[in-house]
Amino acid sequence: DVAILGAGVSGLCMGIQLIEAGIESFAIFEKSQDVGGTWLDNSYPGSGCDVPSHLYSFSFEPNPEWSRAFSPQPEIQRYLRHCAEKYDLFTMIRFGTEIAGARFDEHAGLWHIRTSTGEEITAKALVSGLGQLNRPHVPDLPGLASFEGTSFHSARWDHQHDLAGERVAVIGNGASALQFIPEIAKTAQRVTVFQRSANWVIPRNDRRFSEADKARFRRHPLLVRALRAFIWSMLEIRFLAFLRESWFSRRMTRMATAYLHAQVSDPVLRAKLTPDYPIGCKRILISDDYYQALVRPNVEVVSEPIERVTRDAVMTTDGVARPADTIVFGTGFETTGFLAPLTIEGLGGAKLDAIWRDGAEAYLGVTVAGFPNLFLLYGPNTNLGHNSIIFMIECQVGYAVQCIAELRKRHASWLDVRRDVMDHYNQRLQAALAKTTWTAGCSSWYKTASGKVVNNWSGFTTDYWRRTRHPNWRDYRFVRA
């Protein structure tokens, strides 16, 4: 009945909630050999979450065993494996199966799904749990092919390669680089950070949970739920910092500036690390050791643009060539293509990538007009800058499960969101986004090259929860094949 793409947070949540709804005819297709999605891929040194542990977990599966306030990657992946085992999802997952495309047959009311090996699978509903952060972005730098050293992206970390004693060039300084730079700087001979633009950084204030803490969490489940609710409410207020010229935005700017000045005394380095755009325009990063690593004597921050890569160095436009044994790309992901490079064909053979050529759009980030029985998780305009994406994913999963259950109830073959409903929704969404700092004058992974914000939600998570709690069936047309 249901084909789910990806065994990350979204795919696992969808599988669990289908089982809870009594819908057990489904399969999860995962190209890797284990569950975890982004938390399987991003195993670089220092990898961890920037949302507090007790909120970055499913509401229906609290975990009293988190070791820290902000959980490290190995623990998150173990948690996701625990969820898959507890809810018996491993029997539903086909590992090593990459999906190449899917075509909807409106006469049969079925999705014909094609794997990369040419196998065809049919399903009534197609659910994408691929998310926004699954395809690493490596810039096309002149001369990169001539580099004779080792190079890799942070999401494809080469754990067999020892960086101790090496000259490491780090290209990019986003959220991943913020975490691995302090780790590799401890053993590398020299770390050169090539920075395209500075980040706004605030302290993480991480701490370890004691055994007594964990014992209390085990004895008092309500305490865990109360802590989760408290964290959620505190983070929810932070959305106000993303409204242009708000008091909260000015306060966040002062806090981030004070943190930079407290950690970096060198005026030249401090100037390099001071952003030239409003706080929140790009992702606000949190760290307790990034600035501290950049002031180490074996770390250099380079703000001049890269001109080319040679066989043993990275050269900037000022003519300086900095030797490198290894290049590590911390350049993020291809975020605005969503289901790309999959070929998705809907009604009349319409191709999703053509429909989205001016920027991805969906209704509530979940359904797309002309693509019946297709449900997106962590789809267009559902990313957050202030709270937990798992909260959003649970809202989307609940919405999609209700849609699938309604199809059964009505004995319908497919449902399709009305185009006028989707268009009106996205017009209002973009109008709301125009009031946020995400539309300010900076480039970020939140938006397309033309400046359209396609990744972020436009308001509080409470508003999204309210909109997705119960589908309005007047927004859809139901069809019998």
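Met-315 has Ala-321 in E16 as its bridge partner. Two strands count as paired if DSSP finds at least two bridges between them. Strands (E, at least two residues) and helices (H or I, at least four) are DSSP runs, numbered from the N terminus.

The sheet is open, with 3 strands in the order E14-E15-E16 and antiparallel pairing. Its edges are E14 (306-309) and E16 (321-323), each of which pairs on one side only. From one strand to the next, the twist averages 25°. Axes here are lines fitted to C-alpha atoms, for helices over the stretch in contact, and angles run from 0 to 180 degrees between N-to-C directions.

## Model and conventions

This is a predicted model: local features need pLDDT of at least 70, side-chain atom pairs count only at pLDDT 80 or more, and totals for chains, interfaces and linings use all residues. Residues are numbered from 1 along each chain as its sequence is written, and side-chain values use heavy atoms, with hydrogens and water left out.

## Strand E17

E17 (residues 326-329) is covered on both faces. Thr-326 and Val-328 are buried on one side, Ile-327 and Phe-329 on the other. Buried means under 20% relative accessible area, exposed over 50%, and partly exposed in between (1.4 Å probe, protein chains only). In a regular strand, side chains alternate between the two faces of the sheet.

E17 has parallel partners. Strand E8 (residues 150-153) pairs with E17 over 4 bridges in the parallel sense. His-153 stands opposite Phe-329. Strand E9 (residues 167-171) also runs parallel to E17, joined by 4 bridges. There, Ala-169 stands opposite Ile-327.

H13 (residues 461-468) has Thr-461, Tyr-464 and Thr-468 buried. Viewed down the axis of H13, the buried residues fall within an arc of 55°, so they line one face of the helix. The arc is taken from the directions from the helix axis to the C-beta atoms. An α-helix has 3.6 residues a turn, so residues three or four places apart point the same way. The buried residues of H13 pack against helix H6 (221-237) and helix H11 (389-410).

Thr-436 lies in the loop between helix H12 (419-433) and H13. Thr-436 is buried, at 0% relative accessible area. Beyond its neighbours within four places in sequence, Thr-436 is in contact (heavy atoms within 4.5 Å) with Phe-239, Phe-242, Leu-243 and Arg-244.
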